[in-house]
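Open the model in a viewer and keep the selection panel at hand. The stops below go from the whole chain to single side chains.

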Amino acid sequence: MSSPIFRVIVEYGYRKKNSARPYKYLKIDTFVLTNDIEIIKKDKSLHEKMLRQAKSKQKEMDITFKNIYIEGQYGNTNY
């Protein structure tokens, strides 16, 4: 059975774990397999994409979500 694919735009902030510095904010435009915001916040692949976009070599980062915009369904998976 196929599952729907949703396009999301996520505004997030990141900083080094336990740092006192302010968050640096970026946007990422990507696809996820759910439209539930709480599941999107916990998605491991999304966190990996955010760390890659931030060009961070640290695995331990504080990430805060400023805004998550679900644009709509773009199709279904083949599996």
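**Whole chain**

Begin with everything shown as a cartoon, and keep in mind that this is a predicted model. The protein chain has 2 helices and 3 strands, and their order from the N terminus is β-β-α-α-β. Switch to the C-alpha trace: along its principal axes the protein chain spans about 45 × 20 × 20 Å. Among contacts with a separation of 6 or more, 68% join residues 24 or more positions apart.

The protein chain exposes about 5,900 Å², with 49% of that supplied by carbon and sulfur atoms. Of its 79 residues, 25% count as buried. Colour by charge to see 16 positive and 9 negative side chains; the centres of the two sets are 9 Å apart.

**The loop between β1 and β2**

Select N18, which sits in the loop between β1 (4–16) and β2 (24–32). Most residues other than glycine have a negative phi. N18 has a relative accessibility of 72% and therefore counts as exposed.

**The loop between α2 and β3**

Move to E60, in the loop between α2 (44–53) and β3 (61–76). Its relative accessibility is 52%, so E60 counts as exposed, the cut-off being over 50%. Show the surrounding side chains: beyond the neighbours within four places in sequence, E60 is in contact with K16 and K17. For a distance check, pick the C-alpha atoms of E60 and S45; they are 15 Å apart in space, and the two residues are 15 apart in sequence.

**Aromatic pairs**

Select Y12 and Y14. Their ring centres are 6.5 Å apart and their planes are at 40°, so the pair is tilted. Are these two tyrosines buried or exposed? Y12 is buried, with a relative accessible area of 1%, and Y14 is buried as well, at 15%.

Then select Y23 and Y25, an aromatic pair that is also tilted, with 6.4 Å from centre to centre and 45° between the planes. Y23 is partly exposed, with a relative accessible area of 27%. Y25 counts as partly exposed too, at 46% relative accessibility.

**Charges over the rings**

Which residue lies over the face of Y23? R15 does, at 4.3 Å from the ring centre. Over the ring of Y25 sits the charged end of K66, 4.9 Å from the centre of that ring.

**After β3**

Finish at T77, in the segment after β3. At 8% relative accessibility, T77 falls under the 20% cut-off and so counts as buried. Which residues is T77 in contact with, once the neighbours within four places in sequence are left aside? The partners are S2, S3, I5 and L33.

Terms used. Residues numbered from 1 in each chain as written. Predicted model: local features only at pLDDT ≥ 70, side-chain atom pairs only at ≥ 80, totals over all residues. Heavy atoms only, no water. Helix = DSSP H or I, 4+ residues; strand = E, 2+ residues; numbered from the N terminus. Buried < 20%, exposed > 50% of the residue type's maximum accessible area, 1.4 Å probe, protein only. Contact = heavy atoms within 4.5 Å. Areas by Shrake-Rupley, 256 points an atom, 1.4 Å probe, with all protein chains shown as cover. Lys, Arg positive; Asp, Glu negative; His and termini not counted. Charge placed at Lys NZ, Arg CZ, Asp CG, Glu CD. Phe/Tyr/Trp six-rings, centres within 6.5 Å; stacked < 30°, edge-to-face > 60°. Lys NZ or Arg CZ within 6 Å of the ring centre and 35° of its normal.
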